[in-house]
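Here is a briefing on pockets and the residues that line them. Look over the model first.

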Amino acid sequence: MLTFISCAKTMASRCSLDVPEMTVPHFEAEAVRNVLEMSQMPVAELEKILRVNAKIAAENRLRFHDFCSEDNRPMPAIGAYTGAVFKRILPKDFTADDFRYAQEHLRITSFLYGLLRPLDGIKPYRLEGDVCLPEKGGVSMFDYWKPLLTDCFIAEIKRQGGVLVNLASGEMKDLFDWKRVEKEVRAVTPEFRIWKDGGLKTVVIYAKMCRGEMVRYIIKERVDSPEGLRGFSWEGFAFDEKRSTDDHLLFTPG
């Protein structure tokens, strides 16, 4: 069983996470080429295409310029991102065996690096899926990555038993030929909803926290089947058997 999650927009500038090893991202060469192109853009253009303010745009232009510096040391992906999902994964108390299990069974999407393993060494950046780089023929990062990632993603899922646990945000499907993914492997999607205004609603922050907690549960408990996910519970969220199907697992509070 392979689990995948989304990258986060926020990243640490440095990371002290103690990991058993650091690996090289499979698409590092592509990441460097993308960074070199981004580094040529003025702050005003980065502000526009990244949809950020001038301060964040300037910060990321410096990141792109310093990307290949020897002083810019890579960080393990699982410790580099600082969004809500990664805070709940809480890798700082992982054992060496936990990290190794995560390395085999967890993948992280990235608009710069494509697809990452938890121990892949990465550097700070900011990029969005709908950004179109001129040297890529004006195609979006989603369309750039799709032909590069689909085959290797499907192959990895099959190598891990042919089951994918989709804990990523919906837009991440666009990094792959998702119809092929669903055709060739079994995709299981856990969802987390709360009762609000008389119905079940998705609240983004709760969903993100639950995704992170479920990733932690999978790694710590060595969950290797979709059925094993049903034992997950956190802060009142528990498996809702009546409202679930085999491939859509609903978790609700109470």
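By class, 7 nonpolar, 6 polar and 5 charged residues line the second largest pocket. Nonpolar here means Ala, Val, Leu, Ile, Met, Phe, Trp, Tyr, Cys and Pro; charged means Asp, Glu, Lys and Arg; the others, Gly among them, are polar. The model is predicted: local features need pLDDT of at least 70, side-chain atom pairs count only at pLDDT 80 or more, and totals for chains, interfaces and linings use all residues. Numbering runs from 1 along each chain as its sequence is written, and side-chain values use heavy atoms, without hydrogens and water.

**Second largest pocket**
- This pocket holds about 270 Å³ of space. A pocket is an open set of points on a 1 Å grid over the protein atoms alone, where a 1.4 Å probe fits, with protein on both sides within 12 Å along at least five of seven lines; lining residues have an atom within 4 Å of a point. Points are joined across faces, edges and corners, and the volume is the space filled by probe spheres set on them.
- Its lining has 18 residues, with Asn166, Lys173, Thr189, Pro190 and Glu191 nearest the centre.
- Strand 7 provides the largest share, 5 residues. Helix 8 (178-184), strand 7 (186-192) and helix 9 supply at least two each. Helices (H or I, at least four residues) and strands (E, at least two) are DSSP runs, numbered from the N terminus.

**Largest pocket**
- The volume of the largest pocket is about 440 Å³. Ser6, Cys7, Ala8, Lys9 and Lys208 are the closest to its centre among 23 lining residues.
- Helix 9 (204-221) and helix 5 (84-89) each give at least two lining residues. Helix 9 gives the most, 4.
- The lining splits into 12 nonpolar, 5 polar and 6 charged residues.
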